[in-house]
Amino acid sequence: MKERKKELDVIRVIACFLVVVVHVSGYGMEVMDPMTGNWATRNLVNCLVRCAVPVFFMISGVLFMDRELSIRTLYRKYVARLLAAWAVWSALYASIDYIAERKAGPVSVGYFFSRFVQGHYHMWFLPALLTVYLFLPILQRTVRACSGEELKYLGALILAGVIGKKTLDPFLAGGPAWDALWENLAVPVSSIGIVYFVLGYCLYKQYDRYPAGAYLAVYILSVLLMAGGNQYWAYLSGEHEAGASGYLTVGVLISSSAFFLFLVRVFSGRKTGGRSYEWIRRVSEATFGVYLVHTLFIEQVYRRLGLTQDLFPAIVSIVLFSVLTFLISLPVSFCIRRVPLIGKWIA
């Protein structure tokens with residue numbers, strides 16, 4: 001049995017908390033005036049933590065790319081779990097939306113099913129990860145069979161055809177020539193998972209190539225460029241813009257890679273054990289549930305209790321609400337995981 005990569009448990013916990021920060025800092029930005037300090041602060045923080053979900057995919061790439069799994073085991077253990085989680089959580093969030101719509105007036109059952117199929121905004125992660133699992137046997141064979149030069153070529157194709165397109169969209173989208181070029185080359189959201197899954201596996205093998213400080217510097221620089229890009233486009237349009245921090249843009253690709261390498265460099269090889277690591281492992285195992293449940297508190301619970309982020313300055317609100325949400329979501333996830341029969345399938 002392979003030794004557990006303990007540093008990945010630590011990184012998963014960090015990434016999970018940063019996902020909470022993503023949704024806390026970004027909540028309501030689309031209706032804020034982008035010329036205010038509130039929006040600028042949230043934009044910067046959001047760019048700082050934009051790497052969180054890509055890091056989740058990278059961790060999965062490290063853990064799964066070298067794992068020998070039969071297709072039957074893959075479906076029974078991993079694909080089935082994602083489908084079960086999707087069914088339960090999408091039904092829950094769709095029900096909340098349905099009830100809210102009914103308060104405003106008559107609404108058909110079709111609305112519920114539409115919301116159910118569409119899924120809550122943060123649940124795109126599940127079909128993206130499902131796509132990775134479905135293609136895992138092919139990805140394993142392809143990547144393992146490729147030479148170093150061929151992998152670089154594959155990376156260049158991805159940069160040109162996926163990352164390049166998404167990065168240039170804010171500049172060129174809407175132009176007849178650009179739109180016509182990409183009309184038949186649409187990039188699906190599910191490709192996000194595959195890109196970062198394979199990238200994480202490749203990066204992990206050479207994390208010690210440069211010192212941690214170099215990775216941190218690249219991360220900070222890329223974050224500042226993303227934040228500046230968003231601010232610039234918001235200034236031109238007069239409304240919220242996040243075109244520079246999409247998951248398939250160069251900025252997020254670089255910041256996610258650098259942050260992942262920085263964390264692996266810092267935590268890899270460190271002695272971890274005893275009760276402290278046992279807690280880290282347990283929290284790591286509960287992060288799936290935290291990811292699924294935390295938006296309930298941000299969007300529903302706090303509002304009903306009269307807790308809004310307007311009560312404090314932006315940075316104070318982001319820190320307080322992020323920590324509070326994570327600390328509440330964690331025990332909720334632990335409790336869900338203890339539900340007989342289905343707990344570990346949906347959290």
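This is a predicted model: local features need pLDDT of at least 70, side-chain atom pairs count only at pLDDT 80 or more; totals for chains, interfaces and linings use all residues.
The patch covers about 990 Å², and among its members are Leu311, Phe312, Ile315, Val319 and Leu327. Two helices, H12 (274-305) and H13 (314-337), each supply at least two of the patch residues. Val301, also part of the patch, lies in helix H12. Val301 is classed as partly exposed because its relative accessibility is 32%.

Arg281 forms a salt bridge with Glu278, with an N to O distance of 2.3 Å. Arg281 also meets Glu285 in a salt bridge, at 2.6 Å from N to O. Arg281 is partly exposed at 21% relative accessibility, as are Glu278 at 34% and Glu285 at 30%.

The count of salt bridges comes to seven. One of them pairs Asp66 with Lys205, whose closest N and O atoms are 3.8 Å apart. This pair links distant parts of the chain, 139 residues apart: Asp66 sits in the loop between helices H3 (52-64) and H4 (71-104), and Lys205 in the loop between H9 (191-204) and H10 (212-237). Asp66 is partly exposed, at 28% relative accessible area, whereas Lys205 is exposed, at 54% relative accessibility.

Note on methods: Residues are numbered from 1 along each chain as its sequence is written. Side-chain values use heavy atoms; hydrogens and water are left out. Patches are made of residues with over 30% relative accessible area and no salt bridge: like charges are joined within 9 Å, nonpolar side chains (Val, Leu, Ile, Met, Phe, Trp, Tyr) within 5 Å. Accessible areas come from the Shrake-Rupley method with a 1.4 Å probe; for residues, only the protein chains shown count as cover. A salt bridge is a side-chain nitrogen of Lys or Arg within 4 Å of a carboxyl oxygen of Asp or Glu. Helices (H or I, at least four residues) and strands (E, at least two) are DSSP runs, numbered from the N terminus. Buried means under 20% relative accessible area, exposed over 50%, partly exposed in between (1.4 Å probe, protein chains only).
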